[in-house]
Amino acid sequence: MIEPGTIEPGRPRREALSFSAVLRESLGSVVREMRRAMVRSSYSSIIYEGYDFSCVLTDGAGNLIAESGEDHPFHIIPISGAVAGMTRRHGAIGPDEIVLHNDPYTGGTHLNDVAVIWPVHHDGAPAFHIVIRSHWADIGGMSPGSLNGAATEILQEGLRLDYVRVARSGADEVLRLVLDNVRASREAASDFRTVLGICRVAEARLRGLLAKYGASRVEGAVQDILDGAEQRLRRAIAALPDGTWHHTGYLDGAAATPHPLRVQVALTVEGDRVRADFAGTSPQVAAPLNAGPAIAPTSVLTVIKSFLDPAGSINSGTLRAIAVDAPEGTIVNATPPAPCGGLNEVRFACDAAVMGALGQIAPNRLIGDVRGTSNHTYIGSRSFIFYEYPSGGTGASADSDGAVAVRAFNEGENVSIQSAEIVEATFPLRVLRNEIRPDSGGPGRWRGGCGLRREVEVLADDARLSVLSDRNVVPPAGVNGGLSAAPNRYRLRRDGAEIAPGAFPGKIANFSLRRGDVVVVESSGGGGYGNPCLRDAKRIAADLADGYVTRDGLAPYRQPGPYPVLAADPDLASHACGLCETLAGVLGAGPGSLIEIVFVTGPSRRYWVAAVDADGPEGRVRIAPTPAPLPDTWAIRLLAHRTPLREGPPP
């Protein structure tokens with residue numbers, strides 16, 4: 001074994017580092033070739049149109065060493081732990097075997113994301129692992145497409161594949177059992193054969209590198225790649241002040257969950273290391289709003305890396321500078337049988353919490369919150385499954401408006417939506433409308449990006465609608481004086497009238513559709529940045545001309561809201577507040593209303609009104625004491641008159 005950071009004896013250090021750069025690009029080229037082949041060769045539209053897959057390489061020990069720059073953080077960052085878990089479970093994997101894995105509790109994401117782990121052996125031991133994680137259109141469960149908003153246990157979401165060994169030839173009884181228990185099984189089988197073919201080609205490329213340079217030299221260069229990434233991130237962290245900062249991100253919840261669901265983080269910087277402690281996060285729930293142990297570290301690394309070292313490589317070296325404490329039995333580290341279909345909804349709340357804490361250290365680097373949910377949208381039947389995840393706006397920054405209806409920095413290269421031509425040619429559906437959603441971006445000196453409005457008509461008699469979405473109640477937040485965006489919204493138009501397809505916003509399961517029904521999706525915008533009253537008049541005029549803002553949407557740019565006066569009340573929960581009667585009247589708020597308090601610096605904070613006080617100073621808002629002094633406030637806004645959430649545990 002060659003020590004990390006060295007190369008063959010006698011080779012100059014500069015030559016070693018030069019070779020590690022060459023090898024890094026060579027490995028990245030292998031991954032990029034894999035991605036292109038997946039798009040060209042797959043049968044599922046969610047792959048060739050939606051790009052819902054990722055390809056990576058690990059070394060023999062399971063360290064992530066190469067990705068393409070286009071892959072999804074929540075796909076690739078957990079891979080290292082998944083490969084290590086495979087080794088603990090099975091020991092050696094034979095040269096004629098591969099492993100299937102999707103189990104959230106042992107390092108997977110959600111069940112639809114099936115990882116194929118393909119070892120590449122050299123001298124009797126794995127030198128690399130090729131891993132492709134791709135979204136299967138269906139993995140069984142209670143509804144077409146498997147993901148839905150009503151699951152109460154993971155068994156309703158499909159098949160768990162907890163490091164299942166199968167023959168890499170594809171001729172395997174276990175694989176036949178899997179394919180016999182998923183919908184759209186011919187499509188799944190075809191996509192799986194595509195993955196096997198791509199892995200064979202990638203293995204040939206890796207064997208070519210081993211033959212050209214030698215295994216020892218390659219192994220030493222891999223260690224240099226990991227060490228270099230670690231050192232870059234450590235230098236960036238070391239530039240921050242030491243200390244601990246706190247913030248909380250919220251989820252809408254579901255009909256059976258407590259009020260509200262929270263992800264709470266304490267972010268500590270100490271020298272060149274960061275520790276994120278998620279103590280205080282909501283306990284796991286009997287709803288698809290849980291995540292396994294891989295997701296909190298993924299969120300922390302994604303945010304820290306994006307904000308502090310966006311140009312450097314992502315590999316296991318970057319993880320060495322970060323420690324994460326995610327209490328077991330919470331929504332960020334759930335245990336069986338908690339459903340985990342909405343892992344991304346939890347991850348987005350983790351991202352919001354970590355960004356809010358980091359933004360208190362470096363507020364100028366903050367951006368407004370992003371759409372904050374996957375918006376899993378399924379229309380399916382026995383004969384077809386249409387799946388997409390409509391994008392929304394991204395958050396504004398210190399010198400730029402947010403982008404309109406695209407993926408955000410923490411999502412990878414999924415497309416915004418599938419093209420109307422592909423949808424109409426492949427499924428019994430018609431796309432009636434696809435346009436920018438005005439007034440959906442958060443107002444600010446820099447405006448958050450707008451979401452989209454999409455209307456899809458159903459041309460079949462036996463279709464059903466399932467949606468797993470969040471941020472339909474708690475919208476994406478603004479920062480540094482910027483305001484929140486519009487929340488996501490799902491509706492159904494039937495015979496000219498609009499109806500709600502579910503009892504809880506954004507959580508729908510197996511709602512029966514009729515021919516002629518129109519599914520209406522309105523995705524959220526991104527949060528604003530800075531006081532909207534300071535937005536340049538020419539930019540407002542351009543927003544009006546481009547349809548990003550309407551005349552009715554100009555009010556926040558004139559007067560965002562009344563001024564609040566905060567008062568500490570230790571008897572209140574951290575998410576609750578009490579409003580004086582005058583302020584409640586101005587806002588039109590009452591018990592159960594959701595409000596936001598906007599701060600001059602840092603992210604806004606959300607509170608649910610617990611009581612309206614009959615007396616007290618004008619503008620007073622009672623809140624629980626905070627660990628550190630809050631920045632200056634300058635506005636308070638009503639976000640929702642009454643939320644569908646409630647206090648206490650579900651019945």
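User: How much space lies in the largest cavity?

Analyst: This is a predicted model, where local features need pLDDT of at least 70, side-chain atom pairs count only at pLDDT 80 or more, and totals for chains, interfaces and linings use all residues. Residues are numbered from 1 along each chain as its sequence is written, and side-chain values use heavy atoms, with hydrogens and water left out. A cavity here is a set of points, on a 1 Å grid over the protein atoms alone, where a 1.4 Å probe fits but cannot get out; points are joined across faces, edges and corners, and the volume is the space filled by probe spheres set on them. For the largest cavity that comes to about 140 Å³.

User: Which residues lie nearest the centre of the largest cavity?

Analyst: Lining residues are those with an atom within 4 Å of a point. The largest cavity has 17 of them, and by class they are 4 nonpolar, 7 polar and 6 charged. (Ala, Val, Leu, Ile, Met, Phe, Trp, Tyr, Cys and Pro count as nonpolar, Asp, Glu, Lys and Arg as charged, and the others, Gly among them, as polar.) Nearest the centre are Phe 74, Asn 344, Ser 374, Arg 407 and Asn 414.

User: Which element gives the most to the lining of the largest cavity?

Analyst: Elements are DSSP runs numbered from the N terminus, with helices (H or I) of at least four residues and strands (E) of at least two. Helix H3 (73–76) and H10 each supply at least two residues of this lining. The top giver, with 3 residues, is H10.

User: Where does the largest cavity lie relative to the domains?

Analyst: The bounds come from an automatic or database domain assignment, which gives domain 1 (13–230), domain 2 (367–559) and domain 3 (565–640). Two of these matter here: domain 1 and domain 2 both give residues to the lining, so the largest cavity lies between domain 1 and domain 2.

User: How far apart are the C-alpha centres of domain 1 and domain 3?

Analyst: Domain 1 covers 13–230 and domain 3 covers 565–640. Their C-alpha centres lie apart by 48 Å.

User: Which element gives the most to the lining of the second largest cavity?

Analyst: The second largest cavity has a volume of about 100 Å³. Its lining has 15 residues, with Ser 44, His 135, Trp 136, Ala 137 and Asp 191 nearest the centre. Strand S5 (125–135) and helix H6 (185–213) each supply at least two. With 4 residues, the one that gives the most is H6.

User: Which residues lie nearest the centre of the largest pocket?

Analyst: By class, its lining has 21 nonpolar, 15 polar and 4 charged residues. Domain 2 and domain 3 both contribute to that lining, so the pocket lies between them. Of the 40 lining residues, those nearest the centre are His 246, His 247, Thr 248, Gln 360 and Arg 605.

User: How many disulfides does the structure hold?

Analyst: A disulfide is a pair of cysteine sulfur atoms within 2.5 Å. The sulfur of Cys 55 is 8.1 Å from the closest cysteine sulfur, in Cys 199, so that's too far for a bond. Cys 580 is also too far, because its closest cysteine sulfur, in Cys 577, is 10 Å away. The structure's disulfide count is 0.

User: Is Lys 305 buried or exposed?

Analyst: Lys 305 is found in helix H8 (residues 295–308). Beyond its neighbours within four places in sequence, it is in contact (heavy atoms within 4.5 Å) with Leu 233, Pro 310, Gly 312, Ser 313, Ile 314 and Thr 318. Buried means under 20% relative accessible area, exposed over 50% and partly exposed in between, using a 1.4 Å probe and protein chains only. At 5% relative accessibility, Lys 305 counts as buried.

User: Which residues does Ser 45 touch, not counting those up to four places away in sequence?

Analyst: Ser 45 is found in helix H2 (residues 45–48). Its relative accessible area is 8%, so Ser 45 is buried. The residues it touches are Gly 50, Gln 418 and Phe 427.

Note on methods
On a 1 Å grid over the protein atoms alone, a cavity is a set of points where a 1.4 Å probe fits but cannot get out, and a pocket is an open set with protein on both sides within 12 Å along at least five of seven lines; lining residues have an atom within 4 Å of a point.
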